[in-house]
Amino acid sequence: MNTEDYRKLQGLFLDPSGASRSLSRSEFIDLAWSSVGRGSKEEYGLLFDSVVVTQEHRGLLLDIDAVKEEGRVDWGGLCSFLILELSDKLKNTRTSSVPCWKPPRTLTCPHRDQVQKVFYLQSSGQYLTVSKGGTLGLRDGEDMSLLHTHRLQNSTVKPKDLWVTDMVLLHNVHKIAVSFTSKELCFYDISSKQDFNCKYKVQGLKFTPWCLDYWVDPSHPDQAVLTLGDIGGQVSALYFTSAHISLFERRRRMRMDSDSADIILWDELVKGKHCSCYTVTHQAHAPAWVKKVHYLGSLEAFVSCSTRPQSSMVIGWREKDSRSLRVTSFLTKRGVWDMDHHLGLNLIATAGVDHQVLLWNPYVNSGPVCVLSGHTGPVTAVHFMQTKQQLLSYSKDKVLCLWDISSQQCVHRLAGVFPRTQEDTHTLLFFHEERQLLLLSFNSLLLLLETMKEEKRTSSHEHPVTCVLYNSLFRQVCR
């Protein structure tokens, strides 16, 4: 419809004397269809119904009881609907903006084997990577140049047998927690970046820990949760109640190893012998390996995934004032490689072996909220953009997709820029949303993708602006 069509519609809401009037559904359909001369009666009926529903939803109905009862619409109501619809379209257009990537850049990498984790150090503005062999790489936050390398020490195993499975940053206590195939969880001090001294070793785990996650209560930084998933299908969580004082209670006759680290036995934690730390556990994924774990602080629940279809995703809910867990399982066709949670939308995205990205309501396990189809290979990684309603996904056939959640459409697809690798290549995706920086690892290779900063200045007037009026109802500015 053009401007002239809208003028014809406006004329329908004026009686012969020129006064404003409202129209019923049948009156609006017949008059609009005959006056405008385009479209169908069904389309005008849909327009009328949309106006009525929008008015009821936003409280814009006329105060006249007769109008409310009959379901009538006036020109103001129609204009309100059209403006609100335009505002929503503009908002969706902005959130669906696609990134413009700079040419990919391969970074100098100190790692000889696959990269296991990448994270950003907020305190120093630097990036830290760790490889399977225990090599740490510290990078400059601006140009991503390599600043320092260090090899983690663990006297429990020989250097050639050392195998790191995952690492998390304990930012509130300036430590990192590293899991090893030796069934250990080691805590290293990073306040002195050159040393990385081992402070604690949790030993005696039943299975090899495979993935880690760490969460701190923003209102009580002393309280934190370290979650780990293992190859036995078990998800365990360590609740720290006085992290700033000490992660674990220092007890008499506590053993120390040759690394001068305090040895904490897992059985002691399970039995509650440390007042500052206790554990909760479930084994809903058994016998499959737990691929990823994540603690949802807003829900007080643990979400985890595996490639076992019957337990593709599992949520362990904390019972109120109890250390027991209520477990909910989510089913997919072929299991899940990865997952992520959007705090604002309260949605969980899963990366399916069946080439699909699924969005789940954590309270509904009967089926996904929606299916994002477009990948032609198993999806290995998903990552939500928390400040936008967007999702990144990466598949084994080397395709990166950007999804708009509101429209459930793929708004950007990137392929042909990733290096050729073997079929069993381990790929890790890290996205720093604040800087719009994407790091992908292909075994020991690190690839950097950055977005171009677009500086756009638009001028809406040819002459100086002399007056501005803000419409609080539609959140628009008139100049």
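How many aromatic pairs does the count come to by the ring rule? I get 21 aromatic pairs, where rings of Phe, Tyr and Trp (its six-membered ring) pair if their centres lie within 6.5 Å, and planes under 30 degrees apart count as stacked, over 60 as edge-to-face and the rest as tilted.

I'm working on a predicted model, so local features need pLDDT of at least 70, side-chain atom pairs count only at pLDDT 80 or more, and totals for chains, interfaces and linings use all residues. Residues are numbered from 1 along each chain as its sequence is written, and side-chain values use heavy atoms, with hydrogens and water left out.

Strands (E, at least two residues) and helices (H or I, at least four) are DSSP runs, numbered from the N terminus. Phe-187 and Tyr-200 are both buried; for the burial labels, buried means under 20% relative accessible area, exposed over 50%, and partly exposed in between (1.4 Å probe, protein chains only). I also noted one aromatic cluster formed by Phe-13, Phe-28, Tyr-44, Phe-48 and Trp-75.

**Charges over rings.** Here I looked for NZ of Lys or CZ of Arg within 6 Å of a ring centre and within 35 degrees of the ring normal. Lys-132 puts its charged end over the ring of Trp-163, 3.9 Å from the centre. Lys-41 lies over the face of Trp-33, at 4.9 Å from the ring centre.

**Cysteines.** I searched for disulfides (a pair of cysteine sulfur atoms within 2.5 Å) and found zero. Cys-198 is buried, at a relative accessible area of 8%. Cys-410 is in no disulfide either, with the nearest cysteine sulfur, in Cys-401, 4.0 Å away. Cys-410 is partly exposed, at 34% relative accessibility.

**Salt bridges.** How many salt bridges does a search of the whole structure find? I count eleven, taking a salt bridge as a side-chain nitrogen of Lys or Arg within 4 Å of a carboxyl oxygen of Asp or Glu. Side chains of opposite charge can pair when their charged atoms come close.

- Arg-7 and Glu-4 meet at 3.6 Å, N to O. Both lie in helix H1 (residues 3–12), three residues apart, about one turn of the helix. Arg-7 is exposed at 52% relative accessible area, and Glu-4 is partly exposed at 43%.
- Lys-117 and Asp-166 meet at 3.3 Å, N to O. Lys-117 is in strand E2 (residues 115–121) and Asp-166 in strand E6 (residues 164–170), so the bridge ties together parts 49 residues apart in sequence. Asp-166 is buried, at 7% relative accessible area.
- Lys-160 and Asp-161 meet at 3.4 Å, N to O. Lys-160 is exposed at 68%, while Asp-161 is partly exposed at 42%.
- Arg-105, Arg-435 and Glu-450 are linked in a network of salt bridges.

**Strand E2 again.** Gln-116 also lies in strand E2 and is buried at 7% relative accessibility. I checked Gln-116 against Ser-444: they are 328 residues apart in sequence and 9.2 Å apart in space, C-alpha to C-alpha.

**Backbone.** Most residues other than glycine have a negative phi, and most peptide bonds are trans. I flagged the Ala-286 to Pro-287 bond, which is cis with omega near 5°. Pro-287 sits in the loop between strand E14 (277–282) and strand E15 (292–296). Asn-346 has a positive phi, near 55°. Asn-346 is in the loop between strand E19 (336–342) and strand E20 (347–352), and is partly exposed at 22%. Gln-408 has a positive phi too, near 60°. Gln-408 falls in the loop between strand E25 (399–404) and strand E26 (409–415) and is partly exposed at 38%.
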